[in-house]
Amino acid sequence: MKQPIYNTALYLRLSRDDEQQGESASIQTQRAMLQTYAWDNNLHVIGEYVDDGWSGTNYDRPNFQRMIDDIEDGKINCVVTKDDCVITFEKKARKDGSSVLK
């Protein structure tokens with residue numbers, strides 16, 4: 001049986017800045033963990049989406065929105081994050097078949 005191809009996004013986020021220039025240590029650690037997981041599970045990584053210093057209480061994070069656009073464009077069919085994160089799309093019963101984040 002042929003293994004399905006998962007075009008994967010690695011999503012990294014930290015809600016506060018750790019007062020260091022560049023990426024926070026947590027983001028660097030998350031990247032290493034997610035890259036290892038993707039490699040170990042034969043996932044085809046399309047890209048990384050990093051929102052360092054952004055709150056998870058809303059969806060207005062720039063790279064989160066870019067990732068959602070890529071999902072809706074069919075570029076990504078799998079998202080890997082460090083912590084539990086559920087992204088659910090519901091097909092609206094509309095003529096254009098557009099999806100909404102739930």
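Predicted model: local features only at pLDDT ≥ 70, side-chain atom pairs only at ≥ 80, totals over all residues.
I started just after α2, where Gly 74 takes a positive phi of about 80 degrees. Numbering runs from 1 along each chain as its sequence is written, and side-chain values use heavy atoms, with hydrogens and water left out.

Element names follow DSSP runs, numbered from the N terminus: helices are H or I with at least four residues, strands are E with at least two.

**Helix α2**

I listed the buried residues of α2 (residues 62-72): Phe 64, Met 67, Ile 68, Asp 70 and Ile 71. Buried means under 20% relative accessible area, exposed over 50%, and partly exposed in between (1.4 Å probe, protein chains only). The arc is taken from the directions from the helix axis to the C-beta atoms.

**Helix α1**

Next I checked the length of α1 (residues 25-40). Its 16 residues should span 22 Å at 1.5 Å a residue, and the end C-alpha atoms are 23 Å apart, which agrees. The expected span is 1.5 Å times one less than the number of residues.

I then looked up burial in α1 and found Ile 27, Gln 30, Arg 31, Leu 34 and Ala 38 buried. Seen down the axis, the buried residues of α1 fall within an arc of 105 degrees, so they line one face. An α-helix has 3.6 residues a turn, so residues three or four places apart point the same way. The face of α1 turned away from the buried side carries exposed Trp 39 and Asp 40.

The buried residues of α1 pack against β1 (7-14), β2 (44-52) and β3 (78-80); contact means heavy atoms within 4.5 Å. Just after α1, I noted a positive phi of about 55 degrees at Asn 42.

**Sheet**

I traced an open sheet of three strands, ordered β2-β1-β3, with parallel pairing. Two strands pair if DSSP finds at least two bridges between them. β2 and β3 stand at the edges with a single partner strand each, so one side of each has no neighbour in the sheet. The twist averages 25 degrees from one strand to the next.

I found eight bridges between β1 and β2. Tyr 11 has Tyr 49 in β2 as its bridge partner.

**Helix directions**

α1 packs on the sheet, and its direction makes about 160 degrees with that of β1. α2 lies across β1, β2 and β3, at about 150 degrees to β2. Axes are lines fitted to C-alpha atoms, for helices over the stretch in contact, and angles run from 0 to 180 degrees between N-to-C directions.
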